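Here is a friendly walk through one model, from its open and closed spaces to its backbone and overall build. Please keep the structure in view as you read.

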Amino acid sequence: MGSDGGLNGREGEGGWRLTGSLEEFLVVAGAYLRSRPALHTVALTVSDALGRQGLDLYGDEPPRFGWRAGAGEVSAALLWTPPFVPMVVGGDEAAARGLARALAGGDGPAPGGVGAPAEQARAFAGEWARRTGQATRRTFRKRLYRLGTPHRPAPPPGRARSAGEGDRATLERWHDGFAADVGATAGLGAGAWVDAGLARGGIRLWENGGRPVAMAVATLPVAGSVRVTTVYTPPALRGRGYAGAVTADLSARVTAGGDEAVLFTDLTNPTSNGLYRRLGYEPLAEFEEYAFEAGPGDTP
């Protein structure tokens with residue numbers, strides 16, 4: 001696809017325009033992303049990070065961006081930062097099918113999957129299978145929550161504090177533990193992740209008896225929204241309320257600063273979904289990810 005997605009900024013299949021320019025993407029689609037900061041949280045934080053840290057933040061292959069405009073207004077967007085799968089932001093099923101056709105007809109590397117709101121993800125995956133003959137396999141189902149009225153449970157023993165340089169070894173170990181728990185196969189790497197988290201002051205710990213026992217992490221605020229991520233307790237310390245305590249503490253800090261707090265959960269994990277509901281988080285939307293591969297799959 002090259003730096004412009006193979007369309008050289010021209011309107012392609014289904015009204016989609018693709019580009020390799022983050023600046024162009026944000027000029028055209030930035031207001032659309034900011035119009036629903038909670039729902040578009042990942043696209044906002046990823047594009048913000050790319051702008052601050054460079055287009056090679058996630059890997060050597062250049063990112064690709066896109067938007068679909070109807071009646072002169074952007075109605076859906078694409079953010080694709082290899083090695084991660086393309087992310088479809090908003091739109092409807094027709095927009096997702098049009099994007100699948102546009103990417104299938106490109107002259108560059110094909111995506112290995114897609115992530116999007118559930119209905120759009122299914123529509124994209126189904127169209128991709130029809131166009132390419134590849135099978136699709138759903139790999140993840142997640143729910144986006146937004147904090148409503150906060151509820152702080154009775155805290156377990158200990159206290160919350162911000163992570164510091166002296167916690168680096170623990171944080172790197174916990175980063176890898178969290179990645180293993182959720183099946184993450186790509187990312188910044190533990191060292192770079194810790195560097196970024198400490199630099200922005202976004203890692204919050206719960207400690208008991210002078211040692212860290214759980215963590216929760218906040219993204220930088222973008223458009224008035226902050227995403228709580230990487231909530232982790234080592235397996236031997238689970239079931240004691242540490243994750244809930246540190247998440248409640250971090251969420252309170254986010255809202256005290258005037259931002260809204262959002263987070264994702266794995267829909268197959270009833271424990272985490274129940275925990276966040278008890279803390280006052282309310283369901284906002286469901287998302288799915290699909291992988292594309294040869295052989296039989298579960299094409300929608």
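Seven nonpolar, four polar and four charged residues make up the lining of the second largest pocket. In this classification Ala, Val, Leu, Ile, Met, Phe, Trp, Tyr, Cys and Pro are nonpolar, Asp, Glu, Lys and Arg are charged, and the others, Gly among them, are polar. The second largest pocket holds about 200 Å³ of space. Of its 15 lining residues, G201, G202, A218, T219 and V254 are the closest to its centre. Two elements, β8 and α7 (242–256), each give two or more residues to this lining, and α7 supplies the largest share, three residues.

Since the model is predicted, local features need pLDDT of at least 70 and side-chain atom pairs count only at pLDDT 80 or more, while totals for chains, interfaces and linings use all residues. Residues are numbered from 1 along each chain as its sequence is written, and side-chain values use heavy atoms, with hydrogens and water left out.

Rolling a probe the size of a water molecule over the atoms shows where empty space is left. The search runs on a 1 Å grid over the protein atoms alone: a cavity is a set of points where a 1.4 Å probe fits but cannot get out, a pocket is an open set with protein on both sides within 12 Å along at least five of seven lines, and lining residues have an atom within 4 Å of a point. Points are joined across faces, edges and corners, and a volume is the space filled by probe spheres set on them.

How many cavities of 30 Å³ or more are there? The count comes to one. The largest cavity has about 40 Å³ of space, and its lining consists of L147, P150, H151, R152, A248, S251, L279 and Y281. By class, those are five nonpolar, two polar and one charged residues.

The backbone has some points to visit too. The peptide bond from P82 to P83 is cis, with omega near 15 degrees, and P83 sits in the loop between β3 (73–80) and β4 (87–90). Helices (H or I, at least four residues) and strands (E, at least two) are DSSP runs, numbered from the N terminus.

Stepping back, the protein has eight helices and 12 strands. Its radius of gyration is 20 Å, close to the 19 Å that the globule rule gives for 300 residues, so the protein is as compact as a globular protein of that length. That radius is taken over C-alpha atoms, and the rule is 2.2 Å times the number of residues to the power 0.38. Buried residues make up 49% of the 300 residues.

How confident is the predictor, on the pLDDT scale from 0 to 100 for each residue? The protein averages a pLDDT of 91, and 92% of the residues score at least 70. Over residues 1–10, pLDDT stays under 50. Where pLDDT is low, the predicted coordinates should not be read in detail.

Notes: Contact = heavy atoms within 4.5 Å. Buried < 20%, exposed > 50% of the residue type's maximum accessible area, 1.4 Å probe, protein only.
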